[in-house]
Amino acid sequence: MAYGLTAAAFAGALILSLHTGDAAYLFFALVVLVGSATGGAGPAVLAALAGASALAALSRDTGWDMVHFAGFLALSLLSGVCGAAKYRNRRTMEGALRDVRAHEAHLQSILKSVPEAMIVIDEKGLVRSFSSTAERMFGYEAGEVVGKNVSMLMPPPEHERHNSYLERYRRTGEAHIIGVGRVVTGRRKDGSTVPIELAVGEMRSNGYHFFTGFLRDLTERQETETRLQELQSELVHMSRFTALGEMSSALAHELNQPLSAIGNYLGGARLRMERGQGNDPATIEALGKAAEQTRRAGEIIQRIRDFIARREIEKRSESVSKLVNEASTLALIGAKPLGIHVRQDLAPEAPTVFASGVQIQQVLVNLIRNAIEALEESDPGRRDLMISTRRAEHDTVEISVADTGPGLAENVQDRLFQPFVSTKDAGMGVGLSICRTIVEAHGGAIWAERNEAGGTIFRFTLPATAAAAKAETAT
Amino acid sequence: MTDGAIVCVIDDDEAVRDSLDFLLGAAGFDVRLHASAEDFLSDIPAECGCVVTDVRMPGMDGVTLIQTLRQRGCTAPVIVMTGHGDVPLAVAAMKAGAADFLQKPYSDQAILDTVRTALGTETVNLSDAQKEARARLAQLSGREAQVLERLVNGDANKVIAQDLGLSPRTVEVYRANVMTKMQAGSFAELVRLAVYGGLEP
């Protein structure tokens with residue numbers, strides 16, 4: 001196109017110069033300007049050459065005019081430079097525009113692919129932009145929302161209040177949500193609500209004031225989190241059965257003792273009754289003792305039931321000493337014949353922890369049973385089991401279970417709390433990993449260390465209840 | 001009825017000890033109680049006619065007690081009380097020379113019968129019992145003997161089935177056949193006969 005224009009201008013200049021004579025160099029210099037402005041260097045040089053040839057041809061009739069020719073060259077050079085600059089300028093503008101369009105397309109594609117919905121509003125609260133993800137989130141088409149007040153996407157009371165929030169921000173400049181982000185509730189077109197994580201950015205452009213909201217639908221995440229928690233507590237619950245299963249023969253033995261005693265007392269009482277000694281104090285006393293043994297059996301069953309029951313998952317303030325006592329009673333069932341020397345060193349200030357009682361007992365039962373199994377491998381003379389509690393740094397309570405067993409092999413020490421790592425023949429290797437899950441869910445830590453006296457010490461911490469700390473400073 | 005023979009009861013559980021005292025006393029036996037095997041060994045009553053002992057105890061267990069008694073030349077019959085699932089321990093006790101074993105919880109009649117038999121055991125010819133047991137063992141088929149071996153080892157039906165590549169139902173049939181051929185009225189008797197017969201698990 002530039003060459004066409006230049007050629008037309010050249011033709012015009014040629015006709016004009018034939019009629020005017022002297023001013024011819026001016027016309028040809030203009031042609032150079034046209035060429036350079038429309039097509040840059042190529043057409044400009046061509047126009048200059050053509051102009052020079054035309055002038056040379058014309059000067060054959062009129063005589064060679066060096067002044068005019070020099071003027072033509074100077075003007076060509078000037079118009080060439082000016083035209084080229086303008087040409088470059090236009091090219092740059094075109095390029096910049098192309099870049100901007102490409103950027104915008106790029107941005108659009110990004111906005112479409114990010115999971116967040118984007119809504120832009122102005123300072124009056126009117127929606128300026130409504131992304132396609134936002135359309136899916138709220139069930140509105142962009143056309144139904146753009147130009148309307150954003151409060152239509154909010155349930156009461158935010159629905160009524162949003163304008164005043166904007167007004168307050170304009171007046172005070174106090175940001176309540178900008179740059180902070182929070183979880184809010186949105187209202188869909190069908191009236192249902194949706195939990196949303198909202199982050200708001202602010203933008204000022206040419207005196208206009210915009211707010212950009214990025215919205216993430218939390219429905220799925222909340223469901224996932226709930227499900228995850230359910231699964232975890234289910235797993236922890238099931239592992240209590242496993243723990244009891246591993247103790248089953250010890251529990252059966254423990255139940256057999258009172259049952260045998262009851263059978264003996266009743267059998268003896270029947271023999272005496274058959275001989276007419278039913279009213280003897282000895283017979284009556286034996287029946288009382290039998291009843292006592294049924295209570296003993298009942299207590300064992302109750303303890304098992306408490307341990308398996310699904311209740312007490314909720315955390316509350318629990319006495320550490322009580323938890324340790326109950327857990328060790330259960331865990332030490334059947335340990336007596338092994339001749340294990342059990343000692344307890346419980347902190348006298350009786351700290352309390354904010355915990356799920358049954359889960360902490362589960363950790364303790366696991367650790368104590370592990371200790372008992374380790375102790376079975378050491379000499380009957382030195383089977384010491386020490387359970388202690390103490391106040392530790394950072395407002396925590398540390399509970400430890402120490403045994404004088406053979407100690408841990410080097411190769412399991414690092415992987416101790418990983419699932420499916422077991423040192424036992426019949427072990428699933430889930431006990432300690434469950435312990436870690438429980439302790440960490442309580443905001444504590446669990447670890448094992450070498451016992452100075454030989455064997456292993458397992459320690460875990462739990463945050464002390466704030467109330468307990470207060471009570472202590474008060475006394 | 002007891003001719004002054006004393007039943008010595010050894011159990012670490014106080015309730016079990018006390019209740020046995022009451023039952024055996026009501027049945028007319030003279031009873032002496034001991035909280036541990038060591039306690040009993042330190043002062044064995046001269047008239048001890050039979051010993052009733054728990055197999056699992058702190059310190060010396062029931063099996064070691066029998067071995068120690070035999071080493072000291074004490075021939076008093078020993079009845080061993082075991083918990084559920086303690087079959088291997090019961091077998092070990094029988095091999096060490098226990099007269100019989102009882103699985104807790106047992107019926108009062110069972111223990112009285114066992115004690116009565118034990119007090120009269122001195123007159124029973126052990127070699128005759130062993131000969132009879134061996135004769136019954138010889139009647140078992142190869143499969144039946146395999147099942148008996150594993151039963152005496154304390155294996156559950158399911159485990160035996162897996163080991164031998166049989167269905168649990170088939171194992172039950174073999175088990176019933178074994179009980180019939182061995183003329184055993186109870187599992188305890190079956191174990192006793194197997195040990196008398198010299199079956200090596």
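A residue counts as buried if 20 or more other C-beta atoms lie within 10 Å of its own, as exposed if 12 or fewer do, and as partly exposed in between, with C-beta atoms placed from the backbone. On that count, buried residues make up 32% of the 475 residues in chain A. This is a predicted model, where local features need pLDDT of at least 70, side-chain atom pairs count only at pLDDT 80 or more, and totals for chains, interfaces and linings use all residues. Residues are numbered from 1 along each chain as its sequence is written, while chains are lettered from A and ligands numbered from 1 in the order in which they are written.

**The two chains**
- Chain A comes to 15 helices and 12 strands; helices (H or I, at least four residues) and strands (E, at least two) are DSSP runs, numbered from the N terminus.
- Chain B has 10 helices and five strands, and 42% of its 201 residues count as buried.
- Take contacts (C-beta atoms, placed from the backbone, within 7 Å) between residues at least 6 apart in sequence: 65% of those in chain A join residues at least 24 apart, and for chain B it's 64%.

**Where A meets B**
- Chain A puts 22 residues into the contact and chain B puts in 24 residues.
- On the chain A side, α9 (248–274) and α10 (281–308) each supply at least two residues, and α9(A) gives the most, with 16 residues.
- That side of chain A has eight nonpolar, 11 polar and three charged residues; Ala, Val, Leu, Ile, Met, Phe, Trp, Tyr, Cys and Pro count as nonpolar, Asp, Glu, Lys and Arg as charged, and the others, Gly among them, as polar.

**A sheet in chain A**
- Five strands form an open sheet in the order β2-β1-β5-β4-β3 (chain A), with antiparallel pairing (a pair needs at least two DSSP bridges).
- β2 (127–130) and β3 (182–187) of chain A sit at the edges with a single partner strand each, so one side of each has no neighbour in the sheet.
- β1 (residues 117–122) and β5 (residues 208–217) of chain A pair antiparallel over six bridges, and A:Ala117 has A:Leu215 in β5(A) as its bridge partner.

**A helix pair in chain A**
- The axes of α11 (residues 320–331) and α12 (residues 357–375) of chain A come within 9 Å and cross at roughly 50°; axes are lines fitted to C-alpha atoms, for helices over the stretch in contact, and angles run from 0 to 180 degrees between N-to-C directions.
- The contact of α11(A) with α12(A) has nine nonpolar, three polar and two charged residues, including A:Leu323 in α11(A) and A:Ile360 in α12(A).

Terms used: Two residues are in contact if their C-beta atoms, placed from the backbone, lie within 7 Å.
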